[in-house]
Structures are given as structure tokens and as C-alpha cells.
Amino acid sequence: FLKLVNRRGFRGRFNFLYLPFDYKKGINVGYGFVNLVKPEYARAFHSALDGVYAAEKRSKMKGKPFHVHPAAVQGYEANWQHFM
């Protein structure tokens, strides 16, 4: 997912990425959280990735489109405190 995000032009435009991982199955759980540093980056992220299909072989999302939504938790500090 990180490679995809960077390839789509978002390298350096986010400061937090959290992808929950199922260690038993060895795959991510099918969702994640990205904190974009500017509102215009968030809008562009939505346009660039909403509806895009995952291609990673070991992803639960393989063959399913990404759905980009605003999260209830916003900002680096709030995400760090909530998830870490």
C-alpha cells in the first residue's frame, strides 16, 4: 500500500500511516488510516485512490476497490495517541 501511495504522488504528503496487520494470517486486515498534511492533499488522495483495486497478492483487499473516507480521528498527534 505504501508503494502505491508513493507511486500515486503522495510521498511526503502524509505524516501518519497505520495498516492493522493480522500476524496469524500474515496479511493486513483490509483497512488503514493515512493522515494527509493538507486538506488539498486529502482531496487529491480521495480522487487518486477511491475505487482503485488492490493488487497485492497477500492483501485481504485483493480484487476489491479501496474506499477512501474521512476518519473520525484527525491530525498526526490525535492519530498517534489513538493508534500507538
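The notes below go from the whole chain to a single residue.

This is a predicted model, in which local features need pLDDT of at least 70 and side-chain atom pairs count only at pLDDT 80 or more, while totals for chains, interfaces and linings use all residues. Residues are numbered from 1 along each chain as its sequence is written, and side-chain values use heavy atoms, with hydrogens and water left out.

**Fold and dimensions**
- The chain has three helices and four strands, where helices (H or I, at least four residues) and strands (E, at least two) are DSSP runs numbered from the N terminus.
- Read from the N terminus, the order of these elements is α-β-β-β-β-α-α.
- The C-alpha trace spans about 35 × 25 × 20 Å along its principal axes.

**Burial and surface**
- Buried residues, meaning those under 20% relative accessible area with a 1.4 Å probe and protein chains only, make up 27% of the 84 residues.
- Of the contacts (heavy atoms within 4.5 Å) with a separation of 6 or more, 40% are between residues 24 or more positions apart.

**Valine 5**
- Valine 5 lies in helix H1, which covers residues 2–10, and counts as buried because its relative accessibility is 2%.
- Leaving aside neighbours within four places in sequence, valine 5 is in contact with Phe10, Arg11, Phe14, Phe45 and Leu49.
- Histidine 82 is 77 residues from valine 5 in sequence, and the C-alpha to C-alpha distance between the two is 22 Å.

How values were computed
Buried means under 20% relative accessible area, exposed over 50%, partly exposed in between (1.4 Å probe, protein chains only).
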